[in-house]
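Please work through each task before reading its solution.

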Amino acid sequence: RKDDGSVMNGQNGHSNGGGEIKSRRSTASSYGTVAEVKACNDVLSRDQTEEWKGWMQYIFLLYHYYHAEEVYNSIRIMITCYVWMTGFGNFSFFYLKADYSA
C-alpha cells in the first residue's frame, strides 16, 4: 500500500489508483446493455464477430491502462484474431453482396 491509499500493482510496481474497482463497476454495468439475441445459426456471423471485437477492444484498453506486460503474448494473439475477423467480415460482405461501389 502507498501513502495515498492506492495499492501497488504486482511486479511492475505501478499504482492502479482504484482503477480495478472502476473497471469492475463498468464491466458489471455493461452486462445490462447486451443486444437482443437474433435467431441466427451462421458460424462467425457479423453480430458474433462484432461482439467479440468489442470485448477485445475493451481488453486492449485494460492492457494499456494497467501496463500489463505479463499478458503481452495473449494480447498479440487477440490483435491477430481482431485483424483476421475484420478481413473475414470485409471479404464476406463483398463476396455475398457483390457490391464493389465506393
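**Exercise 1.** Determine how much space lies in the second largest pocket, and which residues line it.

*Solution.* The second largest pocket holds about 360 Å³ of space. A pocket here is an open set of points on a 1 Å grid over the protein atoms alone, where a 1.4 Å probe fits, with protein on both sides within 12 Å along at least five of seven lines; lining residues have an atom within 4 Å of a point. Of its 17 lining residues, S45, R46, G89, S92 and F93 are the closest to the pocket centre. Next, assign the lining to helices (DSSP runs of H or I, at least four residues, numbered from the N terminus). Helices α2 (46–66) and α3 (72–97) each supply at least two lining residues, and α3 gives the most, with nine.

The model is predicted: local features need pLDDT of at least 70, and side-chain atom pairs count only at pLDDT 80 or more, whereas totals for chains, interfaces and linings use all residues. Residues are numbered from 1 along each chain as its sequence is written, and side-chain values use heavy atoms, with hydrogens and water left out.

**Exercise 2.** Classify the ring pairs W84–F88 and F94–Y100.

*Solution.* A pair of aromatic rings is described by the distance of the centres and the angle of the planes. Rings of Phe, Tyr and Trp (its six-membered ring) pair if their centres lie within 6.5 Å; planes under 30 degrees apart count as stacked, over 60 as edge-to-face and the rest as tilted. For W84 and F88, the centres are 5.1 Å apart and the planes lie at 10 degrees, so the pair is stacked. These two residues are four apart in α3, about one helical turn. For F94 and Y100, the values are 5.9 Å and 15 degrees, so this pair is also stacked.

**Exercise 3.** Which residues form the salt bridge, and is each of them buried, partly exposed or exposed?

*Solution.* A salt bridge requires a side-chain nitrogen of Lys or Arg within 4 Å of a carboxyl oxygen of Asp or Glu. The structure holds one: E50 and K53 meet at 3.6 Å, N to O. Both lie in α2, three residues apart. Relative accessible area (1.4 Å probe, protein chains only) is then compared with the limits: buried under 20%, exposed over 50%, partly exposed in between. At 39%, E50 is partly exposed, whereas K53, at 10%, is buried.

Technical notes: Points joined across faces, edges and corners; volume = space filled by probe spheres on them.
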